Amino acid sequence: MKSQITMKDMAQHFNVSLNTIHKAIYGKPGVSEATRKKIVSYAEKNGYRLNAMASMLKRKNMKIAVCLPKLDQDSKYFYSYIWQGYRMYLAEQSEFNLEIQELAYEKGELSRTLEALCEKVKAGEELDGLLTVPPGDEKGICAVRYLTDKGLPVVFVTEDQDRCGHLGTVVGDYYAAGQLMAEQACNILARGRRILLMTGDPYKDSHYLVAKGFHEYMRQEKKEYVVEDLYGYYELDHLDKNVLDILKENPPDLICCVFSRGSAVLYRALKKSGMAGRIPVIASDVFDETVRALKEGTFTNLVFKDPCKQAYLAIKMLYEYLLMDKEPAEKVRRVEIVLIFKSNVNYFWENIKDMQYMRT
């Protein structure tokens, strides 16, 4: 039986704060016994699921594993905000008994890290749920399947993997990001011009879907542009050289980049080649380098995929399922994409830092 009411409904019914409802339901101090009984009785009569919470309260804590890339020079542009978003949500839930095991894995070590986690579970270590980037190989998929087959909820962030039996996924609306990027490119350029599209890793959905959206917009709208794909993701030195060579030998009329790391590479190459401000650029995501590039005119726009919000909503999905038995409304939740200009970048940059916007 699903809940017929929410905590917000109960707060409105009793004309009290949501925090008061939380305290009453979870037996926390700060609420009189008479008020607590009234709230709990009302919740039970109206179908609010108390069984999962009651079971939780009998235990000392709830243990969640969080498996995300270790931050380094390559991963910091995007994943530092994934770490930030998930930690922000947990800070808001500090009144509850949560034990978090952070598993920061080295490049290429996701599957091995997940396998090691499975071995601990097999050996009897308790685990209530997992937040992770989805694995892309058989070993990693089998590791996640082992956990989900045991009934552990798993939530993915940044990308999806439909072979794992997981609870849900939160991603950016990457296809829409590509469509938006293409539409703005057409707004900037006259027809028949040449566009360089830095497509990243074609095996990563977060890159592939942006590029797909871009190309399909051009085809569907019958836009007459020459679009040249430039692949490259892991080998940054090689990508640096390729971009620099193109800028020096045969610069395009406009450059679009579908991924954060590539945006940083592009910024450096434009400055080094002396082409900064001479070619329109639509880059990806909001971090120190892209904000600086936008403000000084090296970049024209940023397509913002909001990794902070992706992680915030992903851990929220897992937390609400464990604590309130709340099934996700959608198996895959997509975070809205925003096109950023110089005139509004400060609004997004400041909001990312305090992340107040994610509470709405």
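**Sheets, domains and a cavity**

Reader: Which residue in S12 is the bridge partner of Leu302?
Author: Ile340 is the partner. This is a predicted model, numbered from 1 along each chain as its sequence is written, and its local features need pLDDT of at least 70. Side-chain atom pairs count only at pLDDT 80 or more, while totals for chains, interfaces and linings use all residues; side-chain values use heavy atoms, with hydrogens and water left out.

Reader: Why are S10 and S12 said to pair?
Author: DSSP must find at least two bridges between two strands. Strand S10 (residues 301-304) and S12 have three, in the antiparallel sense. So S10 and S12 count as paired. Strands themselves are DSSP runs of E, at least two residues; helices are runs of H or I, at least four; both are numbered from the N terminus.

Reader: What makes S7 and S12 edge strands?
Author: The open sheet runs S7-S6-S8-S9-S10-S12, with mixed pairing. Strand S7 (226-231) and strand S12 (338-340) each pair on one side only. Neighbouring strands here are turned by 20° on average, direction ignored.

Reader: Which strands does helix H9 touch?
Author: H9 (residues 205-220) packs on the sheet against S6, S7 and S8. Contact means heavy atoms within 4.5 Å. The direction of H9 makes about 155° with that of S6. Angles run from 0 to 180 degrees between N-to-C directions, on axes fitted to C-alpha atoms, for helices over the stretch in contact. Helix H8 (residues 174-188) lies across S6, S8, S9, S10 and S12, at about 165° to S9.

Reader: Why is one side of S2 and of S11 left without a neighbour in the sheet?
Author: Strand S2 (98-105) and strand S11 (332-335) stand at the edges, so each has a single partner strand. The order is S2-S1-S3-S4-S5-S11, and the pairing is parallel. The twist averages 15° from one strand to the next. Strand S1 (residues 62-69) and S2 share eight bridges. Leu68 stands opposite Ala104 in S2. Helix H6 (residues 110-122) packs on this sheet, touching S1, S2 and S3.

Reader: How do you know that domain 2 and domain 3 are in contact?
Author: 15 residues of domain 2 are in contact with 16 residues of domain 3. Their centres, over C-alpha atoms, are separated by 30 Å. The bounds, from an automatic or database assignment, are 60-170 + 306-334 for domain 2 and 173-302 for domain 3.

Reader: What makes up the lining of the largest cavity?
Author: Seven residues are nonpolar, five polar and five charged. Ala, Val, Leu, Ile, Met, Phe, Trp, Tyr, Cys and Pro count as nonpolar, Asp, Glu, Lys and Arg as charged, the others, Gly among them, as polar. Phe78, His207, Tyr233, Phe259 and Ser260 lie nearest the centre. H5 gives the largest share, three residues. Domain 2 and domain 3 each supply at least three.

Reader: Why is this called a cavity?
Author: Because a 1.4 Å probe fits at its points, on a 1 Å grid over the protein atoms alone, but cannot get out; lining residues have an atom within 4 Å of a point. The volume is about 170 Å³, the space filled by probe spheres on points joined across faces, edges and corners.

Methods:
On a 1 Å grid over the protein atoms alone, a cavity is a set of points where a 1.4 Å probe fits but cannot get out, and a pocket is an open set with protein on both sides within 12 Å along at least five of seven lines; lining residues have an atom within 4 Å of a point.
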